[in-house]
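Good morning, colleagues. Please look at the model on the screen while I go through a helix, an annotated domain and a set of salt bridges.

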Amino acid sequence: MGTDASASAVDLLRSQIPFQTDGELVLPPRGVGLVLVDLCNGFCTVGAGNLAPVAPNKQIEKMVGEAARLSKLFCDRNWPIFAFLDTHYPDKPEPPYPPHCIIGTGEENFVPDLEWLEKEPNVTIKRKSCIDGYISCIEKDGSSVFADWVGKYQIKTVLVLGICTDICVLDFASSTLAARNIDRVPPLQDVVIYSEGCATYDLPAEVATNVKGALAHPQDLMHHIGLYMAKGRGAKVVDRVAVEP
C-alpha cells in the first residue's frame with residue numbers, strides 16, 4: 001500500500017471510530033506519577049533485535065524525545081517515576097512474539113537517551129516478563145509493586161508514555177483502570193495516556209504477507225486504535241503536557 005493509500009486508510013478509520021482527546025494535562029505540584037512502558041533498545045533502537053525498528057522511525061523517535069523531556073522534568077522536581085523494562089529469559093518464550101529483550105543482550109536496557117534514569121533516586125525500575133505491566137507487578141503473595149508505589153507516593157494521576165500503544169501500553173492502562181474500579185490501587189483516580197509520547201511498530205500488509213504467521217500492523221492505524229481502545233476503557237488521552245505555573 002502506497003503512502004497516499006495508507007494515509008487515506010488512516011483517515012477512513014478515524015472517521016469511523018473517532019474520539020476526542022482530553023486536550024492538555026497540566027501537571028499539579030503533587031499527586032502525579034510518570035509511568036514509562038518499555039523504553040528499551042529491543043523495541044526502540046534501530047537494529048537492536050527481532051522487534052526493534054529496522055530503520056529510523058519518526059513516531060518512535062518522537063516518543064523517546066518526549067519521554068526524555070518529561071523524565072527530566074519529573075526528576076528536576078523529585079516527582080516519582082515508575083519505569084517498566086521488558087526483560088525475558090531465553091528458556092521462557094512469549095508467544096506469539098519471537099525472542100526479544102533477552103536478559104544479557106542489551107535489548108532489555110533503557111535506550112541511550114534514558115540510561116541516566118538508572119541513577120535517579122525518584123525512579124523505580126520494574127523489569128517485566130509479560131506483556132501486561134500491571135500483572136507483572138503482582139507477587140506470589142498477592143502484593144503489588146506498582147500498587148505499593150502508588151500508595152507510597154499518594155498518586156492520584158499516572159501519566160503513561162511508551163511502546164507499543166496498542167499492546168503493552170493498552171494492556172497496562174486497561175488492567176490499572178480495572179484495578180482502580182475495585183479499589184486495588186488507592187488513591188489512584190486517573191490513568192492519562194500522552195498520545196505524543198507513545199508509539200507502536202510498523203509492519204505493512206505487503207511485508208507481513210511474506211512472513212509466516214505474521215499479522216499486518218500498520219503503524220498509524222494501530223496507534224490510533226490503541227488510543228481509541230484505551231479511551232473506551234476509561235483512560236484519558238491527552239496530546240499536550242504542561243506544568244502548573
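I begin just after H8, where Gly234 takes a positive phi of about 115°. Helices here are DSSP runs of H or I with at least four residues, strands are E runs of at least two, and both are numbered from the N terminus. Before going further, I note that this is a predicted model, in which local features need pLDDT of at least 70 and side-chain atom pairs count only at pLDDT 80 or more, whereas totals for chains, interfaces and linings use all residues. Residues are numbered from 1 along each chain as its sequence is written, and side-chain values use heavy atoms, with hydrogens and water left out.

Helix H8 itself covers residues 219-233, 15 residues in total, and spans 21 Å from its first C-alpha to its last. That is close to the expected 21 Å, the expectation being 1.5 Å times one less than the number of residues. Its buried residues are Gln219, Leu221, His223, His224, Gly226, Leu227 and Ala230. Buried means under 20% relative accessible area, exposed over 50%, and partly exposed in between, with a 1.4 Å probe and protein chains only.

Turning to annotation, an unreviewed UniProt entry lists residues 34-203 as "domain: Isochorismatase-like". UniProt positions follow the numbering used here, feature names are shortened, and annotations may be inferred rather than shown by experiment. The span is 31% helix and 19% strand, and its end C-alpha atoms lie 29 Å apart.

How many salt bridges does a search of the whole structure find? The search finds nine, each defined as a side-chain nitrogen of Lys or Arg within 4 Å of a carboxyl oxygen of Asp or Glu.

One of them joins Asp38 to Lys128, at 3.0 Å from N to O. Asp38 lies in the loop between strand E2 (32-37) and helix H2 (41-44), and Lys128 in strand E4 (residues 123-128), so the pair ties together parts that are 90 residues apart in sequence. Both Asp38 and Lys128 are buried.

A further bridge pairs Lys62 with Glu196, their closest N and O atoms being 2.6 Å apart. Here Lys62 in helix H3 (residues 58-76) is linked to Glu196 in strand E6 (residues 190-199), 134 residues apart. Lys62 is partly exposed at 44% relative accessible area, and Glu196 is partly exposed at 27%.

Within helix H3, Lys72 and Asp76 lie four residues apart, about one turn of the helix. Their side chains meet in a salt bridge of 2.9 Å, N to O.

Finally, Glu24, Asp239 and Arg240 are linked in a network of salt bridges.
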